[in-house]
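Welcome! Please take a moment to look over the structure below before reading on.

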Amino acid sequence: MTICLGIESTAHTVGVGIFDSGKRKVLANERRTFPESGIHPRKAADFQSEEFEGVLNAALERAGVGVKDVDLIAFSQGPGLGACLRISCVAARALSLACGKPVIGVNHCVAHIEISKFMTRTKDPLVVYVSGGNTQIIVGQKEAKGLRYHVMGETLDTGLGNFLDVFAREIGERDARDIERLASQGRNFIPLPYTVKGMDLIFGGLLTGSIRKFKGGANKEDLCFSVQETSYSMLCEAAERALALTKKKELIVCGGVAQNKRLQAMLGKVAEDWGCRFGVAPNEFNGDNGAMIAYVGCLLGKRRAIPLEKCLPIQKFRTDAFLV
Ligand code: FE2
């Protein structure tokens, strides 16, 4: 039985989660998010540094445990923004020194996948991982020493979330959530550039084409509707191709963009067409959070602890470079 405290700070969110492996339960999942639109790395890191203590105390209080009750400290080691990643590294080192508990570095993308598998009770799914910076089609493969996640397809330029955020700002809105809101009021589909190469995706052409349509006077609601339909269809095509190839019987979507209801519905339909079970975790566990880091800490256990001098950020930490 292990109680693990997980620290997340890869981008705009600072989070502390606590997972109890004996109870197989999330005891706490507290977080605060950088309030500005877009991420200025240094400003976001300053925000996380200022908020960390409050988030930590809130998580301990919610879980009803003290730092001395924690067996293990896990932190998000990458991928992410260097300045932000440094916050979780420093926090993990400081807590470890204060309470004498071992530290584990966790891959942020793998944590999204694992907490989603846990929440959806899936065992061997095809994973569609969509966030601001990442968009990947992933499968797990067993190796002698554990499970490794292989990226079958991914974005060749920007992540889906970043694409939606950039487009939102170009049309005078705040972020991707505004696109979802406006899209729900759109009715007429406007043809836009669509680029899928095998299981890889490119959003640059769609971004340029969508901005051009907006400047040409296209209705904002119809355009948002069309941007969503086009980009999500690209993702569905790649996922469908991966399902046809792997013959997986489960499909999950995870990461920040997985909270979008239209994307969930479209991928759910793909799963249905292929006789797969479809799963998505509650929103709380799709946005960046500390509970997913704590959960992976519990899966790995103390044997994967690293020396404090190795608690350093890995900005380009690949999903397939981390064994569970
Ligand atoms: Fe994330």
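This report covers the metal site and the aromatic rings.

## About the model

This is a predicted model, where local features need pLDDT of at least 70 and side-chain atom pairs count only at pLDDT 80 or more, while totals for chains, interfaces and linings use all residues. Residues are numbered from 1 along each chain as its sequence is written, and side-chain values use heavy atoms, with hydrogens and water left out.

## The iron site

Start with the iron ion: His 108 (NE2), His 112 (NE2) and Asp 288 (OD) coordinate it at 2.1 to 2.2 Å. Donors are N, O and S atoms within 2.8 Å of the metal (3.2 Å for Na, K and Ca); water is not among the atoms, so sites may look incomplete. The spacing of the donor residues in sequence is H-x3-H-x175-D.

His 112 is buried, at a relative accessible area of 0%, and Asp 288 is buried at 11%. Here buried means under 20% relative accessible area, with a 1.4 Å probe and protein chains only.

## Aromatic rings

Next, the rings: there are six aromatic pairs in the structure. Rings of Phe, Tyr and Trp (its six-membered ring) pair if their centres lie within 6.5 Å; planes under 30 degrees apart count as stacked, over 60 as edge-to-face and the rest as tilted. Phe 34 and Phe 47 are edge-to-face, because their ring planes meet at 65°, with centres 5.8 Å apart.

Phe 34 is buried at 8% relative accessibility, and Phe 47 is buried at 14%. The rings of Phe 163 and Phe 203 have planes at 20° and centres 5.4 Å apart, so this pair is stacked. Ring pairs also join Phe 19, Phe 118 and Tyr 295 into a cluster.

Key:
Buried means under 20% relative accessible area, exposed over 50%, partly exposed in between (1.4 Å probe, protein chains only).
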